[in-house]
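Here are my notes on the model you sent over.

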Amino acid sequence: MIDLYTAATPNGHKVSIALEELGLPYSLHVLELSANEQKEPWFLALNPNGRIPAIVDRDEDDFAVFESGAILIYLAEKTGRLMPHDAKGRSRVLQWLMFQMGGIGPMMGQANVFYRYFPEKIQPAIDRYQGEVRRLFRVLDGHLAKHEYLAGDYSIADIANWAWVRTHSWSGVAIDDLTNLTRWRDQIRARPAVQRGIEMPPSSFDRDGDSEEQAKAFSDKARNMIETGQSRAGGV
């Protein structure tokens, strides 16, 4: 049994999707980020960085793993699935996983901060991060023009990138003209395990369907967490 400590974020959903795809039994523990549960001492003992997600593998002497990319690799290696065994195939998956960890995630995260959460609209910062997100999306689109998935068969690389790309509208970046990326997004979204995974837990806000008033309320709550919670002891 695996204990998953998480919240309804792209990084959190990476792991719940992988667990659903792999059919591993797990217990869901949802942390209230706005209440800074992720900074409590009990959680910092699992993840010193005070961020979700984290897992504890009860079948492996309560072994704890933090960082979403590291968790995906651990789960793939534990089960022998969602990542090839040969050196070249494994490397291809890890390259595209690192592309998400070092590019897609951080750049979309900064686009979200400046586009959605900052009280002042700093347009040069918005333009800079939305532009870099758009560039990274074009990289994905170009690669997917010749490949069904990012690294051979469907893998943890697809899960990691998809969990972020699906939230593109929240970052203010359109992908309608990126036909290969759109095909890939829709193809993965149709997978039953993916549909289950993004409901573990469900988001309190539909970034694609809710009203601007609801979007503002969600942004205000997140802004308060960003401005106050991250500065507490144990923060980043």
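1. **What we're looking at.** Keep in mind that this is a predicted model. The chain has 9 helices and 4 strands. Walk along the sequence and you get β-α-β-α-β-β-α-α-α-α-α-α-α. Of the 236 residues, 49% count as buried. If you take contacts between residues at least 6 apart in sequence, 69% of them join residues at least 24 apart.

2. **The sheet.** The 4 strands form an open sheet in the order β2-β1-β3-β4, and the pairing is mixed. β2 (26-30) and β4 (63-66) are the edge strands; each has a single partner, so one side of each has no neighbour in the sheet. On average, neighbouring strands are turned by 20 degrees against each other, direction ignored. As a reminder, strands of a sheet pair through backbone hydrogen bonds, in either a parallel or an antiparallel way.

3. Have a look at β1 (residues 2-6) and β3 (residues 54-57), which pair in the antiparallel sense over 4 bridges. Within that pair, Asp 3 sits opposite Val 56 in β3.

4. **Helices on the sheet.** Helix α1 (residues 10-22) packs on the sheet and touches β1, β2 and β3. The direction of α1 makes about 155 degrees with that of β1. Helix α3 (residues 68-79) also packs on the sheet, touching β1, β3 and β4. For α3, the angle is about 130 degrees with the direction of β4.

5. **A closer look at α1.** Just past the end of α1, Gly 23 takes a positive phi of about 70 degrees.

6. **α1 against α6.** The axes of α1 and α6 (156-165) come within 9 Å and cross at roughly 135 degrees. That angle makes α1 oblique to α6. The crossing is right-handed. On the α1 side the contact is made by Pro 10, Asn 11, Lys 14, Ile 17, Ala 18 and Glu 21. On the α6 side it is made by Ile 159, Ala 160, Trp 162, Ala 163 and Trp 164.

7. **Leu 150.** This residue is in the loop between α5 (123-144) and α6. Is Leu 150 buried or exposed? With a relative accessible area of 2%, Leu 150 falls under the 20% cut-off, so it counts as buried. Leaving aside neighbours within four places in sequence, Leu 150 has contacts that include Trp 96, His 143, Asn 161 and Trp 184. Leu 97 is 53 residues away in sequence, yet its C-alpha is 9.4 Å from that of Leu 150.

8. **Two cis peptide bonds.** The bond from Ile 52 to Pro 53 is cis, with omega near 0 degrees. Pro 53 is in the loop between α2 (41-44) and β3. Another cis bond joins Met 200 and Pro 201, where omega is about 0 degrees. Pro 201 belongs to the loop between α8 and α9.

9. **Pro 202.** Pro 202 is also found between α8 (192-197) and α9 (212-228), in the loop. Pro 202 is partly exposed, at 45% relative accessible area. In sequence, Pro 202 and Ala 7 are 195 residues apart; in space, their C-alpha atoms are 8.5 Å apart.

10. **Positive phi without glycine.** Asn 36 is not a glycine, but has a positive phi of about 60 degrees. Asn 36 lies in the loop between β2 and α2 and counts as buried at 6% relative accessibility. Glu 67, also not a glycine, has a positive phi of about 75 degrees. Glu 67 is in the loop between β4 and α3 and is partly exposed, with a relative accessible area of 35%.

Note on methods. Residues numbered from 1 in each chain as written. Predicted model: local features only at pLDDT ≥ 70, side-chain atom pairs only at ≥ 80, totals over all residues. Heavy atoms only, no water. Helix = DSSP H or I, 4+ residues; strand = E, 2+ residues; numbered from the N terminus. Buried < 20%, exposed > 50% of the residue type's maximum accessible area, 1.4 Å probe, protein only. Contact = heavy atoms within 4.5 Å. Pairing = 2+ DSSP bridges. Axes fitted to C-alpha atoms, helices over the stretch in contact; angles between N-to-C directions. Parallel < 35°, antiparallel > 145°, perpendicular 65-115°, else oblique. Left-handed = near helix turned anticlockwise from the far one by under 90°.
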